[in-house]
Each structure stands twice: as C-alpha cells, then as structure tokens.
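Subject: Structure handover

Hello,

Here is the structure I promised to pass on. Please open it first, then read my notes below.

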Amino acid sequence: MPQNEHHVPEPEFLGAFGSALRATGEGFPVDSRPELVAGGLARGRRRLLRRRLAVTGGAVALAAVGVGGLYAGSFATSAQQADKASVAAPRDGGATTPTARPAGESGTLRPGEAQIPLSDIAEVLKANTPAGHWRFDDLDGTGQGLGGYFDDGRGEAAVGVTLSRTGRAPDAGADMVVCPEKAYVPYDDCTTGRFGDGSRWMVFQGYEYPDKREETKNWRATLLTKDGFLVDVSEYNAPAEKGAEISRENPPFSPAQLKTLVAAEEWRALLKRIPPLPTTPGKADKPGKLAKPGKVRQAPPQIAGDAVPATLRALLPKGLKVVDKGGEGEFAFVVVDDGKGKSLVQINVQYGMDDVADQLFGSGDVTTLPDGRKVKLTRQPGEKGGAGVVWWTADTMTKDGFRVVVSAFNTGAQHEAATRAEPALTLEQLKAIALDPKWAKLRAK
C-alpha cells in the first residue's frame, strides 16, 4: 500500500461496476451511497467498490471496465465454458466476448440473475442501429449482457450492452446518469437529459485510457428508467476495448444514435425479466468465518450531503478564487486560482479508520499531537500522468479513527500538466485545514 494512499477518484472503480457485480449475486450494494464516493477502495476491511467516482456518475467506471469484459461478462456464462470461469478470457487481438448460459439449461440462477436469451438482446441491438454487419461469437445462451462486433464498412468496432436493476433506495442509480467532473476524468463531451416518461439518460464520449487520448475511444450511453432499470451501451473505435489496433477514427454510432438505442422500447420487455435484487444480510468482517460474539465491528458513521464541500470552501485561505468545485458525502474538491495558475485541492473526512492507522501512519513524517492525533505530511510526485505534477498531503487521525486528509496539486487536474511550480496551498495551510475543529462537528449517520 502506498504510504500516502488517499481517496482520490479513479476511473477504474465506478459505481456501475458495483451494479454489475450485484447482479451476479456477489452482494455489492447498488443503492445510492455518495459517502463511498471519490476514489477507489476504502482501507482494510472496507474494501468495497466506490458507489460513485468523484461525483462523476457511473459511466466512467463502466467505460473503464468495457464491453464484454468483467462488466458484461458478469451477466452471463458461456455455452462452451459453462463449467469454467464466469468471465471469458479475451481472445488474442480481439474483444472479450461475454458468454452465455447454455440454452435450455437453467442451472442454478444466482440472486438477481435473469435468464434473457442473448439472441433476443442481439435482435434489439440490430433493430435499433444503422445498417451494417453484426457479428456475435455466441448467441446460444442466456444472460443480461452481450458483446459483439459491428462494421458499417469503416472498420469493425466492439459494442456491448448490459441490462440491470438498481438498488432499493429512491435515488439508486442516479449516479449512473451524471457526467464526470473534468478535474478528475478527461473526456470530449458528455450530455444528460430526461425523457417525458421520467427516464434519465447520459451520453459520454471519452477514452478507454483517459490519460492517453490518442488511444482507444470509448463512447457510451446509459438510461435509467423511472422504475429503476438500467440500459448501458458502450462502443469503441477498435474491435476490442484493450489490446487491439484502432480500426476507425470514431466508434460507429453517433451520440444521437446511442441515445436512441438505449431508449428503444424493445428493451422494456427484456428488463422486466430481471428479478428483484435480494436483500443482502450483514456480513462479518472476514467472509467465510463465523464472527465471535461481540467481535463483529459495526459500520462506522458516514457523512452525507454537502457539509464537507461547504466546510472546505469556508476554510480556504483568503486570496484564492474557486474556479471549480464538487463532491458530496465524505469527499469534496475545489480548483482554486490565486492568479498564478490553477490548483486542485481535495479532502476526505472519514470515521472508523483506526483499523488501518498503522498502515497510514507507520512511516514517513509523522508527529503526534498532545491530544493524541497523528499528523503526517507528504510531498510526492503526481500519479495520474500530468507532466511536472506534485502532490502535497496533510493526513490526520484521532485515536478513535476519525480521519481528515487534505491534498493539493500544482495543476487543476491531475491528468494535466502542472500549471504552477507548487500547489496554491502550503503544507502548513493544508495541515491547518485538516486539524480544524469544524470537521468533528459535522453530522454523521
């Protein structure tokens, strides 16, 4: 674990991925959990997929997982490989094709898993896309996701669709149709809207590797119906999301065509075949082992709403102009400019982190204050590809595991080149923000 591991948003972990795994019965919640925003995985026992990526919406995670990979493959088991792994391995130089449960062989369905004939999914795809040649490796089974290849004469492209339910919370799935914050995820365009029936949609034009825009493009559209179903379609300008040469300038379907595709009425009949998600019982810290009486650790309280973003802005030093902002729950960020260039500042406020205190504060520039709080100051290079980026952090934790960690960068976005020599805030200013008593007064549930 990096000595300064911090909850910074990562495209590799998006709420949509949790939705996919939930559909396979793995027990990852898909209800709205903004407090699990912003950045990858929680420490230690709290290694749960983040519900939402830095206020980005689920599409970025789906983009990272890609067509026919773990996301789509999680919905199906192949006729040829039904007795093997549930996720197909990629072919050399080709797309990873999601596999299907053998036709006519129901087996034991996992909780929340549907038995939709893949041929039915293919028919809806073909009926709602422009003229061209479709190719599918296997349509002889059932599942909730399908990957294939489309060629309109300009080059073969990987395309995939997934169908799923969201969680039980009233706003579950809403994160899936919210555009990313450009401070964390580079993309060309993203639009959102709402249809007359109450369904919400998002169309995202980004990249498989957001920090390498010259490589594979990933465009996707996501529809969230009023009754909590998701339709997600992804497409690439290559015959595979990874490891294949680019075959065309852009993916085959325009943003308008993607929007029309996810909104196709034919999906409704297929979505209705997806059973309700089961209620997942609470689990002990170590799955597979019975917890001893009195040893089950209760989930720590979480901060919800906009208290953290508002408090961060209130604690900023004078003379900084906020040019961008975002966050909710335990995470917030601002992009500030003091006239010398943009600087990204971000914060996490977390309860119950005492179980990983030794990992976070076991080395480096660590001091212990008279009240027992540990403070660690770190200077290190940026890690998101931006040229010349530096990353300064003040990490603090009380004896009972209440953690406030604040970082600043010498750029307005980690994946972009440095805009100044140093962050707009000094380490001492970051430390003062992290130690401010206002954080302990925020209400948590």
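Start with confidence. This is a predicted model, where local features need pLDDT of at least 70, side-chain atom pairs count only at pLDDT 80 or more, and totals for chains, interfaces and linings use all residues. Residues are numbered from 1 along each chain as its sequence is written, and side-chain values use heavy atoms, with hydrogens and water left out.

Helices (H or I, at least four residues) and strands (E, at least two) are DSSP runs, numbered from the N terminus. Residues 1-108 have pLDDT below 50, yet this stretch has 347 contacts in the model beyond near neighbours in sequence. A contact means heavy atoms within 4.5 Å. Residues 281-293 also stay under 50, and the model gives them six contacts beyond four places in sequence.

Is strand 10 mostly covered or mostly open? It is mostly covered: eight of its eight residues are buried. Buried means under 20% relative accessible area, exposed means over 50%, and partly exposed is in between (1.4 Å probe, protein chains only). In a regular strand the side chains alternate between the two faces of the sheet. In strand 10, F229, V231, V233 and E235 point one way. L230, D232, S234 and Y236 point the other way.

Strand 10 pairs with strand 6 (residues 157-165), antiparallel, through seven bridges. Two strands pair if DSSP finds at least two bridges between them. In that pairing, L163 stands opposite V231. Strand 9 also pairs with strand 10 in the antiparallel sense, over seven bridges. There, R220 stands opposite S234. Strands 9 and 10 form a hairpin with four residues between them. G228 in the turn has a positive phi of about 90°.

Now the charged pairs. Side chains of opposite charge can pair when their charged atoms come close. A salt bridge is a side-chain nitrogen of Lys or Arg within 4 Å of a carboxyl oxygen of Asp or Glu. How many salt bridges are there by this rule? The count is 12.

R220 and D232 form one, with the closest N and O atoms 2.4 Å apart. This pair links distant parts of the chain: R220 is in strand 9 (residues 217-224) and D232 in strand 10 (residues 229-236), 12 residues apart. Both R220 and D232 are buried.

K384 and E383 form another, at 3.6 Å from N to O. K384 is buried at 17% relative accessibility. E383 is partly exposed at 45%.

R135 and D137 meet in a salt bridge too, at 3.5 Å. R135 is partly exposed at 26%, and D137 is partly exposed at 36%.

Last, the disulfide. The structure holds one. The term means a pair of cysteine sulfur atoms within 2.5 Å. C179 and C190 form the disulfide, with their sulfur atoms 2.0 Å apart. The torsion about their S-S bond is about -90°, so the disulfide is left-handed. C179 lies in the loop between strand 6 and strand 7 (189-194), and C190 lies in strand 7, so the pair ties together parts that are 11 residues apart in sequence. C179 and C190 are both buried.

Best wishes

Key:
pLDDT = per-residue confidence, 0-100.
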